[in-house]
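Subject: Structure for your set-up

Hello,

Here is the structure I said I would pass on. My notes on it follow below the entry.

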Amino acid sequence: MARIISGLIACTATLLLPSHALITQDQFEKMCDDLASSLNVENGAISSIDFVPAGTNLTIPVDPSCPPGTQFVLVDFCRVTLDLATSDRSSTYMEAWLPRNWTGRFLATGNSGIGGCVHYWDMAYGAALGFATTGSNNGHWGMNGTTFLKNDDVIEDFAWRAVVSSGEAGKSISAQFYGNPHDRSYFMGCSTGGRQGLKMAQEFAELYDGILAGSPVVAFAHLLSALGSFNPLIKEAGPDGVPPPSTYDTIDNALLKQCDGLDGAHDNILDDPSLCHFNPNSLTCPSEAAITPTCLSKKQARLVHDLLSPIYGKDGVEIFPRMNPAPGIVASTIANFGGESQFLYTDHWFKFAVYNDPDLDTVHLTPEQWAHAWEKDPGGCNTWSGDLSAARDANTKILHYHGTADPLVTSFISNDYYDLVSETMGLLPAELDGFYRLFRVGGMGHCLGGAGPVHIGNYLIGAGLDRLPSLDPDENVLLALVRWVEDGAAPETITGTAYNGGDPGAGVEYKKRHCRYPTRNQLAKSGDFRDPDAWDCIERRTPRAGVI
Ligand code: CA
C-alpha cells in the first residue's frame, strides 16, 4: 500500500512540476512589467498587463449578469487583458493568466449558458496548476443573446470562433512571455464549455492535445426547443394542474422507491438513470376529493409524466431525450422553466439568432419552428457531428463527463452523443477508448454539486471556489487528462469524492469510482456503497421485469 501511495504522490508531483527553475517573485514581477514593452498580439488591443500575487482576492470587472465579482487566486501570475477583433464587426474580450509555476502547459477555458462571461474560477484553477490559462467572454458580454440580432459574426464567435481566436492569441502571449512555446495544450469547459470542447474535437482538434468536456449543451437548438417546451406545458396545466411544493417529497420518495435500488445501492443516487422509467400514476389520489400532499390529482400526475418524457418534434420524431429522473427534478423543472416568461436562453436564441425578430412569440414555438432552428443552425452551434476522426488522427484525447442528476441538461444527451460517434465512425467502445471516453457521474448536478461523490477535480472546491481539490489524477479529471495525453495512461474510471455534509472543509465521507460509458456502476449484493471496492462496472442491461 505504501508503495502505491508513494507512486501516486510521485505521479502527481511530476504532472505539476514547473518546466523551468522557479524564479523569484521579484524577478517574475519584473518579467511581467517588461512584457508591456514587447507584447504584440495580432488583431489584439491590449488593455492591461499586471502582476497579481498569490492570495489576492481579485475584483472582476464583469457585466452585472456575470458571477461572481471577485476571485481568489492561489498563485503568482502575470495577467494580460485585451480585446481581440474577430471580424470587422465583432470582437472578444479575453484574458491570459501566466503563472510563475508554469509547467509548460497551455489551457483554454470555456463559457456557460448563452454568455458572455469569463470563467475566472476556471482560470484561477488552471493557473494554480501551472497552466498558462486563457478565458474569454465568448464574443459578447453578459448572460443574454441580444447582440446576436442581425450579426452573424457575434453568433460565429459564440458558436466556436471566440474560443479558437482567444486560444491562438493566448498561445502566442504565453510564448512571448515565457520565451518558449507551450509543450501541450488543453481545453476545459462545462455546459456551453462542454459544447465548445466537443466543437473543438469535431472541427479544430489540432489545436488541443486534450479536451475536458462536461455536461455539454450539444444538439443545441433541440436542447433549447426541449427546455422551451416546458413553459407552455406548465402554464397550460394551470394552478390546479401543477404539483405544489408540498408534494415534492412524495414525488421524490416514489421515484427513489421505484428506481434507487436498480444500481444495487439505496443511496438516493441513480447511477444509470436510463434504467429508470418513473411512473407517477402510482401517486394518483384515490379520488379527486381526497387530494393531499401525499398524492397527486390525475392532472398533476399527467404533468409530472410529461415533464419527464422525451420531446417529440415534427411527425412525432423524438428530438431530445427526457430529463434525468432524479430526486428534485420535478421541483427544479417547474422552478427553472415554469415562470411567467419563457426560459431566457430559448427566448434569446430563437428571437435573436434564429429569426432575427425581437417580437417573436417564443412561448408558443411550434415543432416546425424547432425544425427550422435545427436546420438553420446559426454559427454551427448544434455541435452534433459524430465524426471525431480528426481528433483521433491528431492524437487528441477527449474526456467527457456528465452528472446523472443534472437538472438543466439531461445526461441522456451525452449517451446519445457517444452513441452517435460510435455509429458515425463505425467504432465499438473498445475502439473509441483510444481517444474518446465518457464518464457518467452519479448524483452530480449541472457541472458541479449534487449528492454523493461528485467532486471530480473539474473545479476548485469550497463555497468560494478558492481551494484546490485532490490532485491525485485518479480523482481529478483535469490531471487524469494530462496523464492520458502525456503518459499514455487513460482513465479507466473517475473517482469522485463525497465530503461530510457536502462541505469540503469537513473531511472526506467516501469515494466512488464512476464507470466509463457504456458500462454502469452496480453495487455488489450486500456491499456498502461507501466502499469503492464494492462497486463494479458492468454492461448496461434492461431492468428485471416487474421492477418498474
Ligand atoms: Ca442508487
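Ser 191 touches Gly 113, Gly 214, Ser 215, Pro 216, Val 217, His 446 and Cys 447, leaving out residues up to four places away in sequence; contact here means heavy atoms within 4.5 Å. Ser 191 sits in the loop between strand S8 (184-190) and helix H5 (192-203). Helices (H or I, at least four residues) and strands (E, at least two) are DSSP runs, numbered from the N terminus. With a relative accessibility of 7%, Ser 191 counts as buried, where buried means under 20% relative accessible area, exposed over 50% and partly exposed in between (1.4 Å probe, protein chains only).

Some conventions before the rest. This is a predicted model, in which local features need pLDDT of at least 70 and side-chain atom pairs count only at pLDDT 80 or more, while totals for chains, interfaces and linings use all residues. Residues are numbered from 1 along each chain as its sequence is written, and side-chain values use heavy atoms, with hydrogens and water left out.

Two other loop residues are also in my notes. Val 218 is placed in the loop between strand S9 (210-214) and helix H6 (220-237), and at 0% relative accessibility Val 218 counts as buried. Apart from neighbours within four places in sequence, the contacts of Val 218 are Arg 195, Leu 198, Leu 223, Phe 320, Asn 382, Thr 383, Trp 384, Ile 413 and Tyr 417. Val 218 and Ser 414 are 196 residues apart in sequence, with 8.2 Å between their C-alpha atoms. Asn 151 belongs to the loop between strand S7 (131-136) and helix H4 (152-178) and is buried at 13% relative accessibility. From Asn 151 to Pro 68, 83 residues apart along the chain, the C-alpha separation is 28 Å.

Helix H3 (residues 120-128) is mostly covered, with 9 of its 9 residues buried. Among them are Tyr 120, Trp 121, Asp 122, Met 123 and Tyr 125. After H3 comes Gly 130, which has a positive phi, near 90°.

Next, the metal site. The calcium ion is coordinated at 2.3 to 2.6 Å by Asp 260 (O), Asp 260 (OD), Asp 263 (OD), Asp 263 (OD), Ala 265 (O), Asp 267 (OD) and Ile 269 (O). Donors are N, O and S atoms within 2.8 Å of the metal (3.2 Å for Na, K and Ca); water is not among the atoms, so sites may look incomplete. Along the chain, the calcium donors follow the spacing D-x2-D-x1-A-x1-D-x1-I. Asp 263 is buried at a relative accessible area of 2%, and Asp 267 is buried at 9%.

Finally, the chain as a whole. The chain holds 15 helices and 17 strands. Its radius of gyration is 24 Å, close to the 24 Å from the globule rule for 548 residues, so the chain is as compact as a globular protein of that length; the radius is taken over C-alpha atoms, and the rule is 2.2 Å times the number of residues to the power 0.38. The C-alpha trace spans about 80 × 65 × 45 Å along its principal axes. Of the 548 residues, 58% are buried. Residues 24 or more positions apart account for 69% of the contacts with a separation of 6 or more.

Regards
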